[in-house]
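Biologist: I would like to learn how to read strands and helices in a model. Please show me the case first.

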Amino acid sequence: MLETLLSPLRKLGHWVIEAIWRLGMISRFFVAILMNSGQSLLRFHLVIREMYFSGVLSLIIIVVSGLFVGMVLGLQGYTTLVRFGSADALGALVALSLLRELGPVLAALLFASRAGSAMTAEIGLMKATEQLDAMSVMAVNPVARVVAPRFWAGVLSMPILAALFNVMGIIGGYAVGVLMIGLDSGSYWSQMQANVDLHVDVVNGLIKSLFFGMAVTLIAVYEGFDATPTAAGVSAATTRTVVTSALVILALDFVLTAFMF
Amino acid sequence: MSTDSFIEFRNVSFAYGERSILKNINLSIPRGRFVAIMGGSGSGKTTLLRLISGQVSPQQGEVIVDGKHVEKMSSRELFELRRRMGMLFQFGALFTDLSVFDNVAFPIREHTHLPDSMVHDLVLMKLAAVGLRGTERLMPAELSGGMSRRIALARAIALDPALMLYDEPFTGLDPISLGAIAHLIKKLSDALGTTSVMVTHDVQHSLNIVDYVYFVANGEIVAEGTPDEVRASASPWVHQFVYGEADGPVHLAYPATTSLADDIGLGDLHA
């Protein structure tokens, strides 16, 4: 009887300790990345190359999703605003929703599933096929040569992708609100211009995405580096990257929003 | 022990957690010699290589490479040592995102400041040494197993190392590739005058190219000698290993505690 009562408690305790231990490991890994970043900055072409893989190759999904999210915002915003007779404010609604929340969050979620998972799988496979060992035996630090350039590429790509997502969303809202429904083009843009603040809305949104970029990329490279070096281990690590990133993005979004707005 | 040892193990013990891998190993590898470490799967021989390259540290004992204690080195000293070391991994471990050229050029670019034209010439010379000049634009995914292994060998010798480590270089190769790799390893090791350590369980090819053999079983050195001594060895263990016999001091079957008849429910009938 006592055992049945204690078992869930024990499991909970184990889970908490495990979670704290992982948090400690990932923090130490973060410090190791920062300490080994010199080479990435001196040989910036390494970062540019990774920006191509994580940033440029994510463009399609970001552009298309941004457009559709903007179009949905246009439709939903119009049907709600028209009830209160303020359909003209559609431009402001679309822009504010995207810049403050949807742009950074959705772009980060898409980035985690497109680029984050690829990063984990790539580093995990490098570990499974002894490429990281080979590098280390060649007296080249894998954290400096493999992990750090990917980390900085992710951190730099994320705000750019989020900004692009915002732009596409605003164009999508314009397509639905102005071109399809027939709202006045001038009021769409002027409402937006009047209600969007550069610092509060645009910059804060981009700061959010910078934090998301750091979190997602750190999780992705850590999971890859920490993966069990087998096919099953790498696939489990890839799944963990997407799930953990999604949770961390949403939790971090709440914290950042509470501080910023 | 010889003072001209390039590698020396003194009472080295190593364990992964509770699982003991190597027990009280003593061995000495003279400068410029080619030594094989043989043993069955899981006998701890790859761990010996990892101890030499400093990828793992022994719990007990000393690992001395070129007069320096590997187990006491800082990571900077370790990287300094590894610059003079080449290692051929079991399946080559070529960087999959780099072309053949960039793979071979990798250690040269990382550790020297040579101009591109010189890196180019060096890479082509290394590729020519393994007979694969003309493959420099290919990606690792386009190579056969034997070719990958040879490219990896070219990469390992890119900086003319003083010490070469081979981890199961013959695994998974067809007989022709295997013979070619064995011949190449021998030729390169003679030409460069390197000290070489090869971990393998391919007895016949290894005995043809090495100077000395250590046999490892259950984490201990059970026999040693020159190839001729090994072939003529009276030790039943060595005999079984060299001639690949199923019956001998090493049992093929896992020591199960119950009988097969009991396990499949025929115990009573049997009784």
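**Strands and a helix in chain B**

Biologist: Which residue stands opposite Leu165(B) in S7(B)?

Modeller: Met87(B) is opposite Leu165(B) of S7(B). This is a predicted model, in which local features need pLDDT of at least 70 and side-chain atom pairs count only at pLDDT 80 or more, while totals for chains, interfaces and linings use all residues. Residues are numbered from 1 along each chain as its sequence is written, and chains are lettered from A and ligands numbered from 1 in the order in which they are written.

Biologist: In which sense do S6(B) and S7(B) pair?

Modeller: Strands of a sheet pair through backbone hydrogen bonds, either parallel or antiparallel. Strand S6(B), residues 85–88, pairs with S7(B) in the parallel sense over 4 bridges (pairing needs at least two DSSP bridges; strands are DSSP runs of E, at least two residues, and helices runs of H or I, at least four, numbered from the N terminus). S7(B) also pairs with S8(B), residues 195–200, in the parallel sense over 5 bridges. There, Asp167(B) has Val199(B) as its bridge partner.

Biologist: What is the strand order of the open sheet in chain B?

Modeller: Its 4 strands run S2-S1-S4-S5, with antiparallel pairing. S2 (19–30) and S5 (68–69) are the edge strands, each pairing on one side only. S1(B), residues 5–16, and S4(B), residues 60–65, share 5 bridges, and Ser13(B) stands opposite Gln60(B).

**Two helices in chain A**

Biologist: How do H5(A) and H8(A) cross?

Modeller: The axes of H5(A), residues 90–128, and H8(A), residues 185–195, come within 6 Å and cross at roughly 50 degrees (axes are lines fitted to C-alpha atoms, for helices over the stretch in contact, and angles run from 0 to 180 degrees between N-to-C directions). H5(A) is therefore oblique to H8(A) (under 35 degrees is roughly parallel, over 145 roughly antiparallel, 65 to 115 roughly perpendicular, the rest oblique). Residues making the contact include Leu90(A) and Ala95(A) of H5(A) and Tyr188(A) and Trp189(A) of H8(A) (C-beta atoms, placed from the backbone, within 7 Å).

Terms used: Two residues are in contact if their C-beta atoms, placed from the backbone, lie within 7 Å.
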